[in-house]
Amino acid sequence: MLLEIENLDVSFRNDEGEVTDAAHDVSLSLDRGEVLGIVGESGSGKSSVAMSVARLLPSPPAFWPNGRIMFDGVDVLKMPLPELRAIRGKRIGVVFQDPMGSLSPLHRIGDQLAETVRLHEDVSKAAAHERAVEWLGRVGIPDPAARARAYPHELSGGMQQRVMIAMALMLEPDLLIADEPTTALDVTIQAQVLRLMRDLWRGNSAVLLITHDLGVVSQMATKLAVMKNGHVIETSNDPAAFFAAPSHPYTQALVREARRMELSVNPA
Ligand SMILES: Nc1ncnc2c1ncn2[C@@H]1O[C@H](COP(=O)(O)OP(=O)(O)OP(=O)(O)O)[C@@H](O)[C@H]1O
Ligand SMILES: [Mg+2]
């Protein structure tokens with residue numbers, strides 16, 4: 001198993017010492033070739049769990065009272081920082097909802113992508129730049145050689161998101177964590193970006209996909225976890241069938257709400 005989250009608790013302690021429990025006793029597993037979708041209402045703990053896997057939650061305020069996160073047999077929570085930095089990006093790629101959180105406003109996108117390559121691989125500047133341009137093309141950015149010279153703010157939100165996906169995928173990580181990767185995009189661009197992620201994700205890597213959108217999960221995910229109030233309340237190995245006939249009352253409510261939203265956007 002590539003990723004095994006075992007009995008994980010995620011908590012936050014603020015300056016006054018008050019503790020918020022974001023996730024409790026979460027156990028999930030994910031292997032190569034699988035896409036695990038995590039769904040649940042806002043505040044249910046999805047990001048807290050996903051960001052813990054890449055250890056991207058600042059600690060403090062985050063801490064992990066219990067549990068382990070075994071990535072390829074090693075507990076990420078016990079990993080020394082230099083080792084973590086080495087696997088982040090290289091073996092674990094991350095795509096967030098807000099691309100500007102990962103892109104530096106000060107550097108041209110081609111340079112940022114090339115730097116990411118050179119951080120993890122011993123290649124020349126020219127070779128890294130060539131790879132950057134190649135990936136900008138692969139994620140559907142027109143005229144990639146010219147666009148490589150653009151700064152992030154010169155691109156639309158959809159294009160910025162493509163750049164971030166290129167950055168996350170270009171090192172061919174074993175695990176891709178995508179937290180609401182398309183929520184900020186308009187509907188037609190969402191579909192393009194999702195298709196792109198599905199096409200580009202190598203069949204032997206693993207994807208942890210967090211989204212509010214049940215339609216996206218039933219299309220993309222090979223397995224599913226539903227979170228509520230920090231707990232995993234249901235799991236399924238057949239998301240499409242699961243949403244067609246939800247058993248848990250909470251999941252039934254989620255599905256009803258999703259249908260209602262869909263109808264309001266797209267009246268039948
Ligand atoms: N840095 C933080 N400090 C304190 N509490 C936090 C912090 N980040 C998250 N929380 C709390 O942890 C709980 C879970 O939040 P989390 O962001 O993991 O939920 P989520 O399911 O990703 O929600 P959303 O769908 O809105 O992104 C919430 O109660 C939230 O307020
Ligand atoms: Mg979140």
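User: What makes the length of helix H4 agree with what you'd expect from its 14 residues?

Analyst: This is a predicted model, and here's the check on it. Helix H4 covers residues 125-138, and at 1.5 Å a residue those 14 residues should span 20 Å. The C-alpha atoms at its ends are 20 Å apart, so the two values agree.

User: Which residues of H4 are buried, and what makes them count as buried?

Analyst: They are Ala 128, His 129, Arg 131, Ala 132, Trp 135 and Leu 136. A residue gets that label because 20 or more other C-beta atoms lie within 10 Å of its own.

User: How do you know where they sit around the axis of H4?

Analyst: Look down the axis: the buried residues of H4 fall within an arc of 160 degrees, so they line one face of the helix. In general, an α-helix has 3.6 residues a turn, so residues three or four places apart point the same way.

User: And what covers the buried residues of H4?

Analyst: The cover includes helix H3 (109-120), helix H5 (144-147) and helix H6 (157-169). Past the end, H4 is followed by Gly 140, whose phi is positive, near 90 degrees.

User: Which residues surround ligand 1?

Analyst: Phe 12, Thr 20, Ala 22, Gly 40, Ser 42, Gly 43, Ser 44, Gly 45, Lys 46, Ser 47, Ser 48 and Pro 61. Strand E2 (19-30) and helix H1 (46-53) are the elements giving two or more residues to that shell, and the largest share, 3 residues, comes from H1.

User: How many residues of each class does the shell around ligand 1 have?

Analyst: There are 8 polar, 3 nonpolar and 1 charged. Gly is counted as polar here, and Gly 40, Gly 43 and Gly 45 are among the shell residues.

User: Zooming out, how do you know whether the radius of gyration of the protein chain agrees with that of a compact globule?

Analyst: With 268 residues, a compact globule would come in near 18 Å, and the protein chain has 19 Å, so that agrees. Its C-alpha atoms fill a box of roughly 55 × 50 × 40 Å along the principal axes. Within the chain, 40% of the 268 residues count as buried, and the secondary structure comes to 10 helices and 11 strands.

Methods:
Residues are numbered from 1 along each chain as its sequence is written. Chains are lettered from A and ligands numbered from 1 in the order in which they are written. This is a predicted model: local features need pLDDT of at least 70, side-chain atom pairs count only at pLDDT 80 or more; totals for chains, interfaces and linings use all residues. A residue is near a molecule or strand if its C-beta atom, placed from the backbone, lies within 6 Å of it. Helices (H or I, at least four residues) and strands (E, at least two) are DSSP runs, numbered from the N terminus. The expected span of a helix is 1.5 Å times one less than its number of residues. A residue is buried if 20 or more other C-beta atoms lie within 10 Å of its own, exposed if 12 or fewer, and partly exposed in between; C-beta atoms are placed from the backbone. The arc is that of the directions from the helix axis to the C-beta atoms. Two residues are in contact if their C-beta atoms, placed from the backbone, lie within 7 Å. The radius of gyration is taken over C-alpha atoms; the globule rule is 2.2 Å times the number of residues to the power 0.38.
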